[in-house]
Amino acid sequence: MATLTFLGHATWALETKGTTVLIDPFLTGNTQAPPGAAELRPAFIIVTHAHGDHYGDTAELAKRTGATVIANFEIVNYAQKQGVANVHALHIGGGHTFPFGRVKLTPAFHGSAFPDGAYGGMPAGILLEVEGKRVYDAGDTAVFSDMRLIGEGGLDVAMLPIGDNFTMGPEDAALAAKFLGARTILPQHYNTWPLIAQDPQAFKRRVESSTESRVQVLKPGDTFEIR
Ligand code: NI
Ligand code: MN
């Protein structure tokens, strides 16, 4: 069974059949990263967009472990310039089947410049198909009605930002949950800093009283089994 371990903020470790896939590996500076997160040995790293709290430790991790970086064309080019050897470029609407599963980039409404100002292309969400399960990570985004399309094939899990200020807040994330129709919602991108402080239990009550979805609130270090 594939699992998702929450590493704080919007960082996830997907484990499937002995392979570790890190999503948005923001470890240095992540106030929520559990101890030991930096010791992970990912075979793949997926990056939604270029902001420092998502691209994060991608280059260092990939260089240390030989992991393949999967992201849009602009981000993998940047990673290559930083010395990353193994990359796979995708772009919005495009998917590819990797040994661990299928990855498709979906639209996100946000920015995507690197901390040094370099252009990071369009920000993305990620649609994953792993062990027959469908997982959607919205990345950083506003709510948008085309989330209905993303949910059309059925979703087992959706990771949604709820922090407000930089992304959708709890109210809009509850609307996103309605559009997506995922069986389980995992909130992310909140309480890392005071500016994005939220009560995830209040979000849980809001979603569970207005949709069929269940919300699982994970503490950093907690693992969710994708059943
Ligand atoms: Ni961002
Ligand atoms: Mn962010």
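# Working chat on a predicted model

Q: Which residues of H3 are buried?
A: H3 covers residues 73–81, and its buried residues are Ile75, Val76, Tyr78 and Ala79.

Q: Where do they fall, seen down the axis of H3?
A: They fall within an arc of 155°, so the buried residues line one face of the helix. In general, an α-helix has 3.6 residues a turn, so residues three or four places apart point the same way.

Q: What covers those buried residues?
A: The cover includes H1, strand S5 (68–72) and S6.

Q: S6, then. Which strand residues does it span, and where is His88?
A: Strand S6 consists of residues 87–90, and His88 is found in it.

Q: Is His88 buried or partly exposed?
A: His88 is partly exposed: its relative accessible area is 22%, whereas the cut-off for buried is under 20%.

Q: What is His88 in contact with, leaving aside neighbours within four places in sequence?
A: On that basis, His88 is in contact with Thr68, Val69, Ile70, Ala71, Val76, His96 and Phe98.

Q: How far apart are His88 and Lys17 in space?
A: The C-alpha atoms of the two residues are 21 Å apart, and 71 residues separate them in sequence.

Q: Where does Lys17 sit?
A: Lys17 is in the turn of the hairpin formed by S2 and S3, which has two residues between its strands. Lys17 has a positive phi of about 50°.

Q: How do S2 and S3 pair?
A: They pair in the antiparallel sense over five bridges, with S3 made up of residues 19–23. Within this pairing, Ala13 stands opposite Leu22 in S3.

Q: And what about S1 and S2?
A: Strand S1 (residues 3–6) pairs with S2 in the antiparallel sense over four bridges. Thr5 has Ala13 in S2 as its bridge partner. These two strands also form a hairpin, with five residues between them, and Gly8 in the turn has a positive phi of about 85°.

Q: Why is S2 described as largely enclosed?
A: Four of the five residues of S2 (residues 12–16) are buried, so the strand is largely enclosed by the rest of the structure.

Q: Changing topic to the metals: which protein donors does the manganese ion (ligand 2) have?
A: The donors are Asp53 (OD), His54 (NE2), Asp140 (OD) and His189 (NE2), at 2.1 to 2.2 Å from the ion. Their spacing along the chain is D-H-x85-D-x48-H.

Q: Which residue coordinates both metals, and how far apart are they?
A: Asp140 coordinates both the manganese ion (ligand 2) and the nickel ion (ligand 1), which are 3.2 Å apart. Asp53 belongs to helix H1 (residues 52–55) and Asp140 to the loop between S10 and helix H4 (147–150), so the pair ties together parts that are 87 residues apart in sequence.

Q: Are Asp53 and Asp140 buried or exposed?
A: Asp53 is buried, with a relative accessible area of 14%. Asp140 is buried as well, with a value of 2%.

Q: Where is His49, and is it buried or exposed?
A: His49 lies in the loop between strand S4 (44–46) and H1. This residue is buried, with a relative accessible area of 0%. Its contacts beyond four places in sequence include His54, Ile75, His110 and Asp140.

Q: Last topic, the open sheet: what is the strand order?
A: Seven strands form it in the order S7-S8-S9-S10-S11-S12-S13, and the pairing is mixed.

Q: Why do S7 and S13 each have a side without a neighbour?
A: Strand S7 (95–98) and strand S13 (214–215) stand at the edges with a single partner strand each, so one side of each is left without a neighbour in the sheet. S7 runs antiparallel to strand S8 (residues 101–107), joined to it by four bridges, and His96 stands opposite Val103 in S8.

Q: Which helix packs on this sheet?
A: Helix H5 (residues 170–180) does, touching strands S10 (133–137), S11 (157–161) and S12 (184–188). The direction of H5 makes about 155° with that of S11.

Terms used. Residues numbered from 1 in each chain as written. Chains lettered and ligands numbered in written order. Predicted model: local features only at pLDDT ≥ 70, side-chain atom pairs only at ≥ 80, totals over all residues. Heavy atoms only, no water. Pairing = 2+ DSSP bridges. Contact = heavy atoms within 4.5 Å. Axes fitted to C-alpha atoms, helices over the stretch in contact; angles between N-to-C directions. Buried < 20%, exposed > 50% of the residue type's maximum accessible area, 1.4 Å probe, protein only. Donors = N, O, S within 2.8 Å, 3.2 Å for Na, K, Ca; no water. Arc of directions from axis to C-beta.
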